[in-house]
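Open the model in your viewer and keep the sequence panel beside it. This tour moves from one selection to the next and says what is there.

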Amino acid sequence: MSSFVKYALVLLLPAAYLARRYYRSSALQTTALITAPVDEKPVKSIMQAPREDLAPPKDDPFTLAQLKEFDGSDPSKPIYVSIKGTVFDVTPKADVYGAGRSYNIFAGKDGSKGLGMSSLKEEHAVPDYRELNESDRKVLDDWHAFFTKRYNIVGRVSDHPVSDVKEEDTSANASPNL
Ligand code: HEM
């Protein structure tokens, strides 16, 4: 056997052994995950739970310009987020929607497009979501359902660029886990 082949064997055999062990153990883990009883530990969401104490939805009209007043910059005013023209009062979550907070980008406006795209970019936080593909529209509808179960509806956007926004019932076919 040439010395090259010997060296190659010395290097390759342990590597092959380790690779096989790694593969077997991850395959075993996968099997264990699949066969473990799913209801052993309930999955805890980091998101807030749905609320039971919501007020009946209101239908007060807001223009997009009026909504800006409720962007969290004045702490004495409520904070509103609109999704597909439905205006939600998110003041109880001022810690995330207030000025300088992580989701302030959606406060005082209708940022439907950005929500559908899972984007926090300023240029995406606009009301016109007609460009969204089917899967992003589903994401957007899920957010609408999420907010409907957690925030009081205080009105609707009267000058929303998507004219059929009121006709769509976004909560009816939403995922029950939201
Ligand atoms: C690394 C990426 C991200 C992390 C670690 C993250 C983390 C979180 C956490 C921990 C919450 C719960 C906050 C709370 O209830 O106090 C939350 C909620 C939320 N996230 Fe994110 N997030 C991320 C990206 C995004 C993106 C890209 C979007 C854009 C759409 C987004 C939109 C939201 C919204 C709308 C809520 C709901 C807040 C509520 O009203 O309860 N997140 N996120």
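Select Tyr-103 and the ligand. A nitrogen atom of the ligand is 2.7 Å from an N or O atom in the Tyr-103 side chain. The cut-off for a polar contact is a pair of N or O atoms within 3.5 Å; within protein, one must be able to donate a hydrogen and the other to accept it, and residues adjacent in sequence count only if both atoms are side-chain atoms.

A word on the model before moving on. It is predicted, so local features need pLDDT of at least 70 and side-chain atom pairs count only at pLDDT 80 or more, while totals for chains, interfaces and linings use all residues. Residues are numbered from 1 along each chain as its sequence is written, and side-chain values use heavy atoms, with hydrogens and water left out.

**Around the ligand**

An N or O atom in the side chain of Tyr-151 is 2.5 Å from a ligand oxygen.

A residue is near a molecule or strand if one of its heavy atoms lies within 4 Å of it. There are 15 residues around the ligand, and Gln-48, Lys-93, Tyr-97, Tyr-103 and Tyr-151 come nearest. Colour the shell by class: 11 residues are nonpolar, three polar and one charged. Here Ala, Val, Leu, Ile, Met, Phe, Trp, Tyr, Cys and Pro count as nonpolar, Asp, Glu, Lys and Arg as charged, and the others, Gly among them, as polar.

Which helices each supply at least two residues of the shell? Select helix 3 (94-97) and helix 5 (134-148). Helices (H or I, at least four residues) and strands (E, at least two) are DSSP runs, numbered from the N terminus.

**The whole chain**

Zoom out and switch to cartoon. The protein has five helices and five strands. Along the sequence they run α-β-α-β-β-α-β-α-α-β. Of the 178 residues, 31% are buried. Buried means under 20% relative accessible area, exposed over 50%, partly exposed in between (1.4 Å probe, protein chains only). Take the contacts (heavy atoms within 4.5 Å) between residues at least 6 apart in sequence: 65% of them join residues at least 24 apart.

**The loop between helix 2 and strand 2**

Select Phe-70. It sits in the loop between helix 2 (64-67) and strand 2 (80-83). Is Phe-70 buried or exposed? Phe-70 counts as buried because its relative accessibility is 12%. Beyond neighbours within four places in sequence, Phe-70 is in contact with Phe-62, Lys-77, Pro-78, Ile-79, Tyr-80, Ala-107 and Gly-108.

Pro-75 is exposed, at 79% relative accessible area. From Pro-75 to Ala-94 is 19 residues in sequence and 9.1 Å in space, C-alpha to C-alpha.

**Two positive phi angles**

Select Lys-84, in the loop between strand 2 and strand 3 (86-89). Lys-84 is not a glycine, yet its phi is positive, about 50°. With 5% relative accessibility, Lys-84 counts as buried.

Finish at Ser-118, in the loop between helix 4 (112-117) and helix 5. Ser-118 is not a glycine either, and its phi is positive at about 55°. Its relative accessible area is 61%, so Ser-118 is exposed.
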